[in-house]
Amino acid sequence: MSHSNSSMGSVRRTFEFGATYVVKPKAKHQATIVWLHGLGDNGSSWSQLLESLPLPNIKWICPTAPTRPVAILGGFPCTAWFDMGELSEESSDDFEGLDASAAHLANLLSAEPAGIKLGVGGFSMGAAIALYSATCFARGKYENGSSYPVNLRAIVGLSGWLPGARSMSSKIDGSDESTRHVASLPIFMCHGLCDEVVPYKHGERSYNALSLSGFRNVSYKTYEGIGHYTVPREMDDVCTWLNTVLRS
């Protein structure tokens with residue numbers, strides 16, 4: 001599946017997304033969450049884990065990112081939601097890639113039935129897109145100015161970071177709608193304290209940036225001795241959090 005963005009008369013790049021895997025709810029369908037894999041992975045590997053979780057009312061949609069050259073890998077092509085270099089406060093963000101991926105998953109959610117609660121979650125680079133989607137929802141638009149089309153009710157980010165964190169607070173415009181969205185959107189962030197791929201300080205910095213931007217319902221949980229991977233107790237915490245949030 002492909003998605004292209006165009007604005008102000010200029011045609012932007014087209015990104016070819018890979019296969020999408022769907023885990024159907026085992027009981028009454030109450031929520032749909034798009035779950036995004038990390039760099040170099042695909043939707044299939046996460047769909048198998050998500051299917052095993054005790055969350056029978058959730059439908060999971062697990063897309064696969066486009067294959068593209070990635071700067072941090074020296075230009076080597078692999079599945080990636082956006083291009084990225086080294087993680088640092090000074091690094092620039094690939095907003096064109098971020099917008100294309102955020103729009104792709106928003107389009108997937110837009111096809112869900114009315115009355116179904118919608119969410120986005122992910123691991124590592126997938127968590128970055130989930131958190132970026134939260135900011136697009138809060139602003140009501142993507143970075144390119146196109147309007148954001150879905151009403152998000154839950155965001156989960158594991159071992160990730162927020163792209164554009166430095167300038168986030170200046171982009172929340174203070175309108176009634178934005179203020180309402182940042183105050184109400186539940187966000188759950190988890191990070192291993194021994195993560196050498198995305199050090200937990202990036203998660204902590206992202207949590208602080210969201211809080212300073214007015215997001216009131218953000219939780220940030222860290223795990224001793226855990227690196228850049230998930231463990232059962234982390235997924236148990238995700239299940240408990242989702243059950244609480246989606247019941248309200």
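Where is the place of S124? I found S124 in the loop between strand 8 and helix 3, taking helices as DSSP runs of H or I with at least four residues and strands as runs of E with at least two, numbered from the N terminus.

**Entry 1: ground rules.** I noted that this is a predicted model, in which local features need a pLDDT of at least 70 and side-chain atom pairs count only at pLDDT 80 or more, while totals for chains, interfaces and linings use all residues. Residues are numbered from 1 along each chain as its sequence is written, and side-chain values use heavy atoms, with hydrogens and water left out.

**Entry 2: confidence.** I looked up the pLDDT (the predictor's confidence in each residue, from 0 to 100) and found a chain average of 87, with 87% of the residues scoring at least 70. Over residues 1-11 the pLDDT is below 50, and this stretch has 28 contacts in the model beyond near neighbours in sequence, a contact being heavy atoms within 4.5 Å.

Entry 3: I returned to S124, which is not a glycine and yet has a positive phi of about 60 degrees. S124 counts as buried because its relative accessible area is 7%; buried means under 20%, exposed over 50% and partly exposed in between, with a 1.4 Å probe and protein chains only. I then checked S159, in the loop between strand 9 and helix 4 (168-171), where phi is near 55 degrees, again a positive value in a residue other than glycine. S159 is buried, with a relative accessible area of 0%.

Entry 4: I looked at strand 4 (residues 31-36) and found six of its six residues buried. The chain crosses from strand 4 through helix 1 (residues 43-51) to strand 5 in a right-handed β-α-β crossover, right-handed meaning that, with the strands pointing away from the viewer, the path from the first strand over the helix to the second runs clockwise.

Which strands pair with strand 4 in the parallel sense? Strand 5 (residues 58-62) does so over four bridges, and strand 8 (residues 117-123) does so over six bridges, where pairing requires that DSSP finds at least two bridges between the strands.

**Entry 5: the hairpin.** I followed strand 6 (residues 67-70) into strand 7 (residues 76-79), and the two pair in the antiparallel sense over four bridges. They form a hairpin with five residues between them, and G74 in the turn has a positive phi of about 70 degrees. T67 has T79 of strand 7 as its bridge partner.

In strand 7 I also looked up C78, which counts as buried because its relative accessibility is 12%. Leaving aside residues up to four places away in sequence, C78 touches L39, G40, P66, T67, R68, V70 and L73. The C-alpha atoms of C78 and P66 are separated by 7.9 Å, with the two residues 12 apart along the chain.

**Entry 6: helix 2.** Helix 2 is mostly covered, with 12 of its 16 residues buried, among them G97, D99, H104 and L109.

Entry 7: I found its side chain reaching the backbone nitrogen of L162 at 2.8 Å and the backbone oxygen of H202 at 2.7 Å. Apart from residues up to four places away in sequence, S206 touches W161, L162 and M189.

N144 lies in the loop between helix 3 (125-139) and strand 9 (152-158), and I list N144 as buried because its relative accessibility is 16%. The side chain of N144 reaches the backbone nitrogen of S146 at 2.9 Å.

Key. Polar contact = N/O pair within 3.5 Å; in protein donor to acceptor, adjacent residues only side chain to side chain.
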